[in-house]
Amino acid sequence: MTNCLKYHTPRGRFIHIPPPAPLSDWFNNFGTPWWLDPKYDVGYLSEKTRHIRIINTLTSQEQVLEVCSEETLSEILERYVAYNAHAASYTWKYDGVWLDMEKTLEENGIADEDETMDELRMEPDYYRQSILLYFNDDLTEL
């Protein structure tokens, strides 16, 4: 029993992970370990994610997307294009109000009610905030 910290690596040791027991020939003078090296950062961790329902009022199709609280509606639109290639030709509304595509859901007045729904013990599928898409005939397809 050495009281040394030991890392759980179920697939075996890999770079910068110390051996399970103290060894005199293991050198730890490699500088910053890879998991703290900023060149391996691939993105940011969201403060909170939430699910929203996007309803195409023209076709009555619904899609549920998990979005980050920091994401603007333009960024959500970029991901929604996979479901509707002409999503940019639609007006996005919530509760009858036009949404500013450069703002987040919270900034557009779409409050995150997940905690309230948890307190009320409501199933997430029973109530999910919905954004309605209204088609604009902007002649993008001829």
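Me: Buried means under 20% relative accessible area, exposed means over 50%, and partly exposed lies in between (1.4 Å probe, protein chains only). What share of the 142 residues in the chain is buried?

Reply: In this predicted model, buried residues make up 27% of the 142 residues in the chain. The prediction requires pLDDT of at least 70 for local features and 80 or more for side-chain atom pairs, while totals for chains, interfaces and linings use all residues. Residues are numbered from 1 along each chain as its sequence is written, and side-chain values rest on heavy atoms, without hydrogens and water.

Me: What makes Arg53 and Glu62 a salt bridge?

Reply: The term requires a side-chain nitrogen of Lys or Arg within 4 Å of a carboxyl oxygen of Asp or Glu. The closest N and O atoms of Arg53 and Glu62 are 3.2 Å apart, so the pair qualifies. Glu62, at 47% relative accessibility, is partly exposed. The structure holds 6 salt bridges.

Me: Which parts of the chain does the salt bridge between Lys48 and Asp114 link?

Reply: Lys48 and Asp114 have their side chains 2.8 Å apart, N to O. This pair links distant parts of the chain, 66 residues apart: Lys48 lies in the segment before strand S1, and Asp114 in helix H2 (residues 114–119). Helices (H or I, at least four residues) and strands (E, at least two) are DSSP runs, numbered from the N terminus. A network of salt bridges links Lys48, Asp112 and Asp114.

Me: Why is the chain described as more spread out than a compact globule?

Reply: The chain has 2 helices and 5 strands, in the order β-β-α-β-β-α-β from the N terminus on. Its radius of gyration (over C-alpha atoms) is 24 Å, well over the 14 Å of the globule rule (2.2 Å times the number of residues to the power 0.38), so the chain is more spread out than a compact globule. Along the principal axes, the C-alpha atoms fill a box of roughly 75 × 45 × 25 Å.

Me: What makes up the largest nonpolar core?

Reply: Such a core is a set of buried Ala, Val, Leu, Ile, Met, Phe, Trp, Tyr and Cys residues joined through side-chain atoms within 4.5 Å. The largest has 18 residues, and those with the most contacts inside it are Ile54, Leu73, Ile76, Trp92, Leu105 and Ile131. At least two residues each come from S1 (49–56), strand S2 (61–68), helix H1 (73–80), strand S3 (90–94) and strand S5 (130–135). H1 gives the largest share of this core, 4 residues.

Me: Which residues does Ile131 touch?

Reply: Contact means heavy atoms within 4.5 Å. Leaving aside residues up to four places away in sequence, Ile131 touches a set including Ile52, Arg53, Ile54, Leu73, Trp92, Leu105 and Ile110. Across the chain, residues 24 or more positions apart account for 50% of the contacts with a separation of 6 or more.
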